[in-house]
Amino acid sequence: MDFATILYVILIAVSSASSQESENEDVADMLNRIGDEYEQVSSRNGKFFFPKYANYGAQAGPQPYSNAIEEFDFIVVGSGSAGATLATRLSENPKWRVLLLEVGKEPSAITDIPALAASFQLTDYNWGYLMEKQDNIGLGMVDQRMAWPRGRVLGGTSVINYMIHVRGNRGDYKRWKALGNPGWGYEDVLPYFKKLEDYSVAYADAGYRNRGGPIGVQDVSYRSDSVHIFINAAQEAGLKYIDYNGRGSLGVSYVQASTRRGRRCSVENTYLRNARGRPNLVISTLSRVTNLILDGTTVVGVQYIKNRQYHTAKAKKEVILSAGTFNSPQILMLSGIGPKTHLEELGIPVVRDLPVGETLYDHLTFLGLLFKSNDTITINYSDLENPRSFISLVSNGTGPLTSLGGVEALAYIQTNVSREKDKYPDVELIFLGGGFHMDKGALYAKTFRITPKIYDALWKPLEDEQVWTILPMLLHPKSKGNLKLKSKNPYHWPKLFGNSFNDPENLDMKTFIASIREVQRIARTPTFQKFGTEQVKTPIPGCEHLVFDTDEYWSCALMHITGSLHHQVGTCKMGPANDKTAVVDSNLKVYGINRLRVADCSVIPVTLSAHTNIPAIMVGEKAADLIKDEWTEAEGRSNFDPRRNIKDA
């Protein structure tokens with residue numbers, strides 16, 4: 001029985017027991033009743049395929065939906081972090097009928113296990129998107145193409161991500177608002193960040209946090225000795241300990257997780273699961289939207305395919321695209337809303353000439369900063385397969401399986417090449433109490449498409465060693481990518497261009513190298529040296545001709561094994577009417593098109609010091625209030641108050 005199978009068996013056991021047996025039943029007894037469940041888990045073409053959660057309860061599956069044309073008040077396309085939030089909030093008004101369309105299927109309960117985060121990127125819960133080949137990056141990846149994972153499941157990427165709970169820096173939202181976007185400054189969005197969370201972290205800044213929201217925010221209960229050493233070493237190197245979701249800007253912290261009782265909080269198992277019983281909310285999975293239906297420049301509905309048949313849904317009030325940074329612009333362009341020249345090249349009639357897809361920012365990370373220790377301090381991967389770990393998770397919400405795929409701490413630094421005058425981080429350091437070697441190349445390296453040649457040279461010799469990793473993440477790249485349609489066939493993936501390391505002054509590369517020097521400085525502190533810490537100096541294949549640890553060597557290494565942390569933003573950029581790069585206004589309305597909004601990460605106009613799941617939920621929360629405000633039945637005044645029902649810590 002393989003690892004994934006064991007986990008599935010346990011989750012089914014606990015689920016079944018929780019509904020059929022007393023709460024005092026021993027977990028071991030539960031396992032004895034479902035020993036044959038493992039046969040339901042299989043693999044095909046090298047991918048894991050988990051069956052649908054068998055004991056989902058009375059709310060299992062989407063509500064029935066007729067093949068006939070139906071009319072709704074609102075249609076939300078995409079059930080990811082923003083879309084699920086938006087549909088949940090709009091359906092709070094029982095007078096509004098809401099349709100939520102999702103191309104993916106229902107998630108399995110096994111997705112709730114944090115330690116398995118990497119595995120779901122190798123399933124059909126992931127679109128499997130790849131960045132187009134580029135000459136100066138991804139040289140150590142299969143076909144020189146970087147993986148850009150996106151969730152293709154009810155709940156979107158919140159079901160397959162690493163659950164790292166980060167709002168972003170106050171300065172990010174200052175820049176967002178300063179671009180001509182009123183209502184998106186830090187003071188404007190903070191109430192929504194508070195509204196969405198239910199925090200229980202030990203170190204939190206009063207006035208910035210909230211209890212009672214849908215998304216749990218926890219400290220991870222399982223920590224290796226190496227993360228405590230890192231936290232102390234970072235402070236010894238001059239970083240303060242901070243609440244990075246509070247007033248903190250530069251500093252270090254144990255990672256805060258979007259979990260509750262040690263299990264993933266996705267928008268599916270929080271927002272949507274609580275709303276599914278509403279008769280005015282219709283959720284249709286396995287439904288692929290092909291285009292918007294327009295009457296001139298007014299959107300009146302959508303066309304989608306389900307069960308190999310075309311369906312039409314009409315919207316009396318609005319359609320909101322929340323299909324994500326790749327699919328929202330794709331649907332717009334397939335509907336004739338996008339760059340005129342590009343659409344005409346593909347034979348798509350132009351409804352509105354807008355710069356859809358022409359802005360795309362991403363967070364890149366360098367994968368090759370590895371350090372050895374002469375003491376036993378890192379994550380013991382075998383603990384994940386210990387049955388006691390399973391019991392600890394399902395009984396108490398603790399233990400190794402609560403680990404966020406090995407991510408244990410974050411640090412925000414401002415490198416010596418930063419041009420910001422204020423204290424403003426340009427790099428996030430992600431500490432892992434292990435690395436790609438832990439699973440002997442089974443998952444982690446594959447999710448980043450590392451070639452066997454690179455893995456065998458760099459990580460394979462470390463499989464039995466005590467090794468920890470720091471991933472520097474470039475927060476504010478100067479390089480800008482773009483997105484184009486491959487064809488007018490809605491089943492063809494869009495073409496994704498990162499254009500990485502193409503900024504004229506090469507500042508992105510210089511910032512990465514500066515961050516490597518900062519990591520080395522932390523590793524040289526007495527705190528780390530007590531444990532015999534030394535950097536792994538194995539040359540990366542393709543860079544052997546260069547002297548290790550020179551800037552030239554690191555430039556080569558960065559071109560070979562820099563990967564994406566899939567935080568893409570900007571393809572439906574928000575901006576004022578005089579911004580020639582803008583697609584939507586500050587109310588999320590598409591310029592020149594009536595009754596159409598976009599609400600997801602594609603509207604974010606700036607790079608964020610964040611992992612984008614939480615900002616996406618914030619966008620969904622704020623979008624819901626913008627829409628409620630406009631369509632409220634109250635006469636002559638607005639009931640809009642984003643601070644309602646928020647309790648300060």
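**Close-up 1. The salt bridge of Glu630 with Arg597 in the predicted model.** Glu630 is partly exposed, with a relative accessible area of 41%, whereas Arg597 counts as buried at 2% relative accessibility. The side chains of Arg597 and Glu630 meet in a salt bridge (2.9 Å, N to O). Arg597 belongs to strand β26 (residues 596-598) and Glu630 to helix α16 (residues 613-631), so the pair ties together parts that are 33 residues apart in sequence.

**Close-up 2. A salt-bridge network that includes Arg89 and Glu92.** Salt bridges with shared partners join Arg89, Glu92, Lys195, Glu621 and Lys628 into one network. Within it, the side chains of Glu92 and Arg89 meet at 2.8 Å, N to O; Glu92 is partly exposed, with a relative accessible area of 36%, while Arg89 counts as buried at 12%.

**Close-up 3. The salt bridge between Glu187 and Arg170.** The two side chains meet at 3.1 Å, N to O, and the pair links helix α5 (residues 186-196), which holds Glu187, with helix α4 (residues 170-178), which holds Arg170. Glu187 is exposed, with a relative accessible area of 56%, and Arg170 is partly exposed, with 39%.

Close-up 4. A polar atom of the His311 side chain lies 3.2 Å from the backbone oxygen of Lys306.

**Close-up 5. The second largest cavity, with a volume of about 100 Å³.** Of the 13 residues that line this cavity, Asp362, Leu364, Ser479, Gly498 and Ser500 are the closest to its centre. The lining divides into seven nonpolar, four polar and two charged residues.

Note on methods
Residues are numbered from 1 along each chain as its sequence is written. This is a predicted model: local features need pLDDT of at least 70, side-chain atom pairs count only at pLDDT 80 or more; totals for chains, interfaces and linings use all residues. Side-chain values use heavy atoms; hydrogens and water are left out. On a 1 Å grid over the protein atoms alone, a cavity is a set of points where a 1.4 Å probe fits but cannot get out, and a pocket is an open set with protein on both sides within 12 Å along at least five of seven lines; lining residues have an atom within 4 Å of a point. Grid points are joined across faces, edges and corners, and a volume is the space filled by probe spheres set on the points. Ala, Val, Leu, Ile, Met, Phe, Trp, Tyr, Cys and Pro count as nonpolar, Asp, Glu, Lys and Arg as charged, and the others, Gly among them, as polar. A polar contact is a pair of N or O atoms within 3.5 Å; within protein, one must be able to donate a hydrogen and the other to accept it, and residues adjacent in sequence count only if both atoms are side-chain atoms. A salt bridge is a side-chain nitrogen of Lys or Arg within 4 Å of a carboxyl oxygen of Asp or Glu. Buried means under 20% relative accessible area, exposed over 50%, partly exposed in between (1.4 Å probe, protein chains only). Helices (H or I, at least four residues) and strands (E, at least two) are DSSP runs, numbered from the N terminus.
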